[in-house]
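Hello,

Here is the structure I promised to pass on. Please have a look at it first, and then read my notes below.

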Amino acid sequence: MSNHEQDDKALDEYLEGNSEISKRYRAENTEGPSSSLDEKILSAAKEAVTESKPKPRIRFHKAPWAKPVSIAAIITLSVSLIITMQQETGQSVMSDSKEINGSLTTPAKKLVKPQSISADAVAPVMQDAEIKLNNDETSYDIAPDEAALGAVGGYREKMQRSKAELEARQRSERKLMFKEKARNEMEKPEVLEEQALFAAPAEADMSSMAAMEPVSTSSEQEQLLLEIKSLLEQGQLEQAKEKLKLFRESYSDYSEEAMKEVIGEELFGMINSD
Amino acid sequence: MLFNRMYLCLFYLLSVRDKLHLMDTSIDSDEALMLRYAEGDASAFEVLYLRHKGPVYRYMLKLCHNEAIAEELFQEVWMKLINARENYVVSAKFTTYLYRLAHNHFIDHYRKQNIRIVPEQSDEAIEVTDTDCDPEQQVQMEQTIDRFNQILNSLPQEQREVFLLKEETEMNLQEIAETIGINYEAAKSRLRYAINKLKTVMEL
């Protein structure tokens with residue numbers, strides 16, 4: 001065994017403890033500081049503490065505010081977790097879209113009425129809207145592919161789900177927009193006239209009734225002319241002439257030919273001959 | 001999934017709370033005593049001082065071979081500890097902290113004095129007594145002890161310091177190396193030389 005190995009062995013024996021070297025050292029060396037030195041140091045330690053007594057450090061779990069703070073922290077953490085989870089699972093998105101859909105139902109139902117009145121008038125506008133919507137959808141189709149490339153595992157599914165929901169929501173919003181646009185188109189005067197022409201009176205609303213006004217005026221004119229005609233038939237020529245005069249003053253744009261058609265050619269010629 | 005996360009959070013909070021409690025369970029540890037002293041508890045310092053005064057004093061005495069200087073250095077080390085109480089943070093064992101303070105103070109003292117630390121006696125100067133003669137048992141023992149201390153005092157300061165730290169503090173080699181700022185192998189080597197020399201005395 002070499003010297004180095006012997007030294008190592010001796011060291012290992014010493015490190016294991018209870019070696020003769022340690023015993024001898026401890027038996028011989030028992031010195032300590034003098035008692036006066038002890039007193040000096042201990043009094044210095046006491047003085048140092050009393051001179052500048054620092055504010056006692058309050059441990060967190062011993063502090064009186066620890067419990068309320070812990071509870072508040074737990075509540076905050078829980079609430080934020082719930083919110084985060086809802087956002088991740090898309091519950092909030094769903095609820096939002098539901099809210100939007102719910103709010104859309106009322107104006108949508110309102111829209112149904114004029115649509116039912118004049119489906120033919122609305123058809124071209126709705127057709128345009130559908131075409132635009134389909135064109136927009138093509139741009140959304142790209143998004144899920146990108147998400148599928150970037151996402152990993154379950155997160156990908158989640159992303160796709162939320163994308164689909166978002167898409168549906170946006171689609172419904174766009175539908176609403178185009179429906180509103182259609183309604184605006186319908187409310188234009190020319191469209192309303194068309195509605196008035198084709199609509200049944202029972203289904204017509206106040207606006208369409210307003211659009212019916214010119215029709216009711218023409219029937220009134222006809223009524224007046226029919227009255228003049230009956231006066232002529234009864235032989236009351238003077239009264240008929242007066243009424244016709246009033247008619248011409250009030251409806252100056254009413255054509256003579258139309259009058260002739262209603263009253264009849266012979267009777268009309270009888271009034272004008274005098 | 002949501003509940004799993006909530007459970008994880010609660011588990012983490014509870015484990016943190018348990019850790020804080022665990023620190024209190026070892027209330028009589030050196031570190032806890034020092035923290036209590038830093039908070040203003042003078043009695044904690046007394047316990048700490050009584051626990052370590054002997055080893056620190058002997059460490060100083062054996063390093064400088066002069067009782068007066070040893071007492072002076074000993075007092076200064078403890079005063080340093082007292083003054084540093086507010087900045088004390090438990091980052092290592094208190095023993096490591098205390099002896100690092102003592103080691104640095106000893107080195108600083110001798111640097112200021114511009115004194116070269118040399119052993120009192122060289123290995124060659126030690127006279128080996130003849131064991132073949134017939135002295136009394138007591139005398140033999142005394143002589144052996146004297147020889148042991150002579151050898152110890154004649155060791156180079158670096159080797160003597162490692163041996164003293166091992167004997168007085170029962171630190172392991174890694175902790176000794178950290179205390180005096182050397183690597184593990186250097187500490188082991190120094191201790192090996194010290195033990196080898198001391199062993200020769202024991203075998204005689």
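A salt bridge here is a side-chain nitrogen of Lys or Arg within 4 Å of a carboxyl oxygen of Asp or Glu. By that rule, five salt bridges are counted between chain B and chain A. One of them joins Asp8(A) to Arg192(B), with 2.6 Å between the closest N and O atoms.

A word on the ground rules. This is a predicted model, in which local features need pLDDT of at least 70 and side-chain atom pairs count only at pLDDT 80 or more, while totals for chains, interfaces and linings use all residues. Residues are numbered from 1 along each chain as its sequence is written, chains are lettered from A and ligands numbered from 1 in the order in which they are written, and side-chain values use heavy atoms, leaving out hydrogens and water.

Now to the interface. Contact (heavy atoms within 4.5 Å) links 54 residues of chain B with 47 residues of chain A. The buried area (accessible area, 1.4 Å probe, that two parts lose on being put together, summed over both) is about 4900 Å² between the two chains, and carbon and sulfur atoms give 66% of that. Glu39(B), Glu167(B) and Arg192(B) supply 13% of the area that chain B buries against chain A, more than any other three residues.

As for chain B itself, it has nine helices and zero strands (DSSP runs: H or I of at least four residues for helices, E of at least two for strands, numbered from the N terminus).

Enjoy exploring!

Best wishes
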